[in-house]
Amino acid sequence: VHLVRAICWTSTGASMLILALAIYRGDFHVFDLTWRLGSSGHENQLSEVAAVGLLAAVGTRKQRDIWPDRVLLLFAVVIPALVVVLSKSRTTWLGLMVGILTVELCRRQSTARKLALILIMGSALGIALHVSSFERFWTRGGTSETKTLSGRTEIWDAMWPDVSKRLWLGYGFHAFWTPRTVKPAVGGWVPTAAHNGYLEMVAQLGLIGLAVVLVLIAISSRNAWRLMRHREWHEIGPYFLAVNSMALVIGTASSFIDDIQNYPMIVLLTVSIFVSHRLSILRSAAGRPSAIQI
């Protein structure tokens with residue numbers, strides 16, 4: 001209960017501060033399709049901070065012990081949701097959708113309801129992508145940047161020759177981006193990150209390092225799946241699976257999984273440790289002999 005509340009209120013507090021600062025600075029233009037909430041170059045990171053708390057609130061909304069006051073739940077959902085929407089981070093939107101879908105599919109409900117949920121979310125996504133007004137919103141007023149994923153494909157093409165030279169072991173943690181490898185992109189923009197967590201990990205620690213990270217994610221996800229079998233911990237397990245799913249999606253267009261000092265990764269690692277610890281305690285308790293056997 002305390003862990004989920006801490007995640008939700010940290011994201012909500014940060015979201016309130018972001019909105020307040022934007023309004024105070026006069027940088028709040030919701031009707032301008034090209035405007036994004038947040039300082040230039042950090043909109044995606046802000047949306048990720050809001051998304052981890054929003055996902056926790058949505059995923060645990062039915063838990064009365066966590067949310068005895070429904071007004072507080074509404075507050076914890078609406079404020080981060082505003083930041084996620086107004087920051088216009090398309091990767092975060094997609095990751096959040098996958099996370100919510102993961103939580104809902106893990107709930108104890110009929111297969112028919114799960115299939116209906118998949119159909120509804122898929123239909124909503126399809127309609128949104130084909131409605132011209134919403135298309136202009138999610139393309140942020142233009143379509144040219146979507147062809148290169150806002151310049152990401154150009155970065156990937158430019159850095160791949162250097163990455164491939166040390167494909168197995170990489171250049172070392174945070175050692176790839178040096179004056180030799182940092183090259184101006186289109187428009188004079190100088191990238192200092194791959195904007196792809198998997199490629200960034202290969203550049204730093206090679207394919208071996210990426211494999212280790214993916215194995216750790218698989219192990220922690222398995223722990224969450226096993227913890228879900230226990231009724232009293234059924235909510236934290238799906239939430240962790242959802243955070244993992246969201247991180248894996250966001251990692252395709254953001255250096256997410258290698259920035260362990262960022263708040264979303266702090267949440268992911270903290271919940272991973274919590275899930276592992278809870279599962280260890282439950283296993284130990286199950287292995288103890290009962291008082292009658294003694």
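Here is a short tour of some helix pairs and one glycine, with things to select as you go.

Before you click, note that this is a predicted model, where local features need pLDDT of at least 70, side-chain atom pairs count only at pLDDT 80 or more, and totals for chains, interfaces and linings use all residues. Numbering runs from 1 along each chain as its sequence is written, and side-chain values use heavy atoms, with hydrogens and water left out.

**Stop 1: α1 and α10**

Select residues 2-24 (helix α1) and 263-287 (helix α10); their axes are 12 Å apart, at an angle of about 175°. Helices here are DSSP runs of H or I with at least four residues, numbered from the N terminus. Axes are lines fitted to C-alpha atoms over the stretch in contact, with angles from 0 to 180 degrees between N-to-C directions. The pair is therefore roughly antiparallel, a label for angles over 145 degrees. Now show side chains: L3, A6, I7, T10 and S11 of α1 touch Y263, V267, T270, V271 and F274 of α10, contact being heavy atoms within 4.5 Å.

**Stop 2: α2 and α3**

Next, pick 43-59 (α2) and 70-87 (α3), whose axes come within 8 Å and cross at roughly 150°. This crossing is left-handed, meaning the near helix is turned anticlockwise from the far one by less than a right angle.

**Stop 3: α8 and α9**

Jump to 197-227 (α8) and α9, packed at about 160° with axes 9 Å apart. Here too the crossing is left-handed. Among the contact residues are W225 and L227 of α8, and F240 and N244 of α9.

Stay on α9, residues 236-250: its 15 residues reach 21 Å from first C-alpha to last, close to the 21 Å expected at 1.5 Å a residue, where the expected span is 1.5 Å times one less than the number of residues. How many of its residues are buried? The count is 14 of 15, with buried meaning under 20% relative accessible area (1.4 Å probe, protein chains only).

**Stop 4: G99**

Finally, select G99 in helix α4 (residues 90-106). G99 is buried, with a relative accessible area of 0%. Leaving aside neighbours within four places in sequence, G99 is in contact with L55 and A242. Draw a C-alpha to C-alpha distance from G99 to N244: they are 145 residues apart in sequence, yet 8.0 Å apart in space.

Methods: Helix = DSSP H or I, 4+ residues; strand = E, 2+ residues; numbered from the N terminus. Parallel < 35°, antiparallel > 145°, perpendicular 65-115°, else oblique. Buried < 20%, exposed > 50% of the residue type's maximum accessible area, 1.4 Å probe, protein only.
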